[in-house]
Amino acid sequence: TEQTGSRGYSTPKINMVDVGLLYTLRKHWKKSFAASLAFCWGTSYAARKFRENLHRRKYCREAMLYAEESMNSATGRPRTIYVFLNPHAAGGKARKRFEKNAAPLLHLAGMDVTVVEPSSREQLRLLMDYIPNDIDGLAVAGGRGTMLEVVSGLLARKDKERLLNVPVGYIPLGENQNDIATLLGVHDDNKVIETCKAAMAVVKAQTRLVDIMQVQPQGGNSVFAMHAVEWGMLRDVDERSPKLWWTWKMKCFAACLEVVMKRHWPISAVVRLHCSSVQETTLSRERQQEPHMSPRSLFGRHLSWAQTASTQSSDSNFANNELKGTMRTDMELSPSETEGSLDCVNVTVQCNKLGLSPGLLVSHCSPKMDRRTLLQYGLQHKKSGLLPVQDLTEIKSVQFTPDEKLSPWMSIDGERYESRPVTILWIPGRLRMFCAI
C-alpha cells in the first residue's frame, strides 16, 4: 500500500511482518540453514517414496493379470512356491523389503507361497534335503551367500535328478552389486524395481538354463557357484574398498595403498594351473580395452573381458609367464600338455559370461604389475586397461594351488573362503532359473 506525504509524494508502506521475518532469519542464520536442509531432505524423501509406491502399484496391477494363469494345469491347484528368506541380509532389512515389494506380487498372482527363514547357513543347506519333489518352484530372497548355499545344498541331494526341472528364482535383497541379478535380467539401480522385477520373473514363469561351477576344495565339501571364483591381490582390494568408506571417492586408492604397504615387492606367487578346454581352441591371446560388464559389477569393476578366442593349433608352452597352446578333449592329454607353473598375482574363473563362447573364462594377472601400476589403477577407479591381464577361454576344468602367504582368502560368488587347492569343473545347463530375459 502507499500513503501520500505532506508534499504530495507517495511513499510505500513497509510491512512490519516481512521485516520481522528477515530480521529473524538473519539473527538465527544457523537454525534457518538447518531448517532449510531438513525441508529439502524431507521433500526429496517424500518424492522418492511416492515414486516407489507408483512402481509397486504398477507391478501389482501386472501381477493380478497372471492370477488365472497361476493354476497348475496338471493338478488344478495353485502353483506352489517355496521362498527361502534370509532375514539378516541388507543389515536386517531383508524381511521388510520382501514383505513390502515381493510378497504382495506373489500373493496377487494366486500362488501358494511358503516362506522359510533359516537361522544359519548350515540350517539352510540342511533344509534342502526336506524339499518335496512336487513343488512348482523355489525362490531365494537374500544376498549372494544365500543363493550360494541354496544351490550347493540343492545339488548335493542324493535325489537331485528329480529336482532338475524345478526352476529356482532369485530375489536380490542384499546391498552389494549382484551379478546373478544381471545374469537373470532383473538388475536395476532402484532396489524397489529390482525386487519387483525378480518377483515378476517368478510369476511369469519364464525360465532358462544356466551353467554352474563345481568348486572342489581339498578336504572339504563341494560348493556350486554361478558366477566367479577369485583369488589374489585384486580380490583383496575389492574386499577392502567398502570398509574404507570414510575416504569417500579415494577408497579404491586407499585400498590399493594398503595392499602395496603390506606386500613385499617384487611379488612372485607361483600358481599351479591345470586346464582342459571344451573344444580345440587357442588359449593365448592379448587383452582388449573394451569392458564387457558394468563397471560396478563384482569382477567387471577391474577386468574388461576380451572377445572370443580364435581357433588354431599349437603346443602347450608356459614360457614368459604366458599360457599358450591348444587343449583338446578328443584325445588323451599328457600332463606336460595340460599343466604348468604360472607366476601371477590374481586368478579369476568365471562362467555364464554373456556373449562369449561356452566354458569357463580364466583370467590371470602376471607379476609384472609394480607398485606404481597398482596405485594408478586405484586412482583411475579400477580402469582395466592398466593391468597386465590375460584371458583363457573355453575351459572345461581348472586346477590351481594358490599361495596362502600372498592372499589367505579366496572368493566364491563374492563370499569369503580360506585359500586352498581347488578343482573347478564347468557343468553346462545344470540349473533352471526364473529370468526376465
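**View 1. Overall fold and contacts of the predicted model.** Contact here means heavy atoms within 4.5 Å. With that in hand, 74% of the contacts in the protein with a separation of 6 or more come from residues 24 or more positions apart. This is a predicted model, in which local features need pLDDT of at least 70 and side-chain atom pairs count only at pLDDT 80 or more, while totals for chains, interfaces and linings use all residues. Residues are numbered from 1 along each chain as its sequence is written, and side-chain values use heavy atoms, with hydrogens and water left out. The protein has twelve helices and 19 strands (DSSP runs numbered from the N terminus: helices are H or I, at least four residues; strands are E, at least two). Of its 437 residues, 48% count as buried (under 20% relative accessible area, with exposed over 50% and partly exposed in between; 1.4 Å probe, protein chains only).

**View 2. The largest nonpolar core.** A nonpolar core is a set of buried Ala, Val, Leu, Ile, Met, Phe, Trp, Tyr and Cys residues joined through side-chain atoms within 4.5 Å. Among the 31 residues of the largest one, V83, F98, L106 and M111 touch the most other members. Elements giving two or more residues to this core include helix 2 (29-64), strand 3 (80-85) and helix 8 (191-204); helix 8 gives the most, with nine residues. Leaving aside residues up to four places away in sequence, F98 touches partners including V83, L85, L106, V115 and I171. A second, separate core of 27 residues includes M147, L155, L163 and L183.

**View 3. The largest cavity.** A cavity is a set of points on a 1 Å grid over the protein atoms alone where a 1.4 Å probe fits but cannot get out; lining residues have an atom within 4 Å of a point. About 50 Å³ of space lies in the largest cavity, where the volume is the space filled by probe spheres set on points joined across faces, edges and corners. Its lining includes L155, K160, L163, R430 and R432. Strand 19 (422-434) and helix 6 (144-155) each supply at least two lining residues, and strand 19 gives the most, with three.

**View 4. Two residues with positive phi.** W248, not a glycine, has a positive phi of about 60 degrees. W248 sits in the loop between helix 9 (233-240) and helix 10 (251-262) and counts as exposed, at 65% relative accessibility. D413 has phi near 55 degrees, again positive in a residue other than glycine. D413 lies in the loop between strand 17 (409-412) and strand 18 (415-418), and D413 is buried, with a relative accessible area of 4%.

Note on methods:
On a 1 Å grid over the protein atoms alone, a cavity is a set of points where a 1.4 Å probe fits but cannot get out, and a pocket is an open set with protein on both sides within 12 Å along at least five of seven lines; lining residues have an atom within 4 Å of a point.
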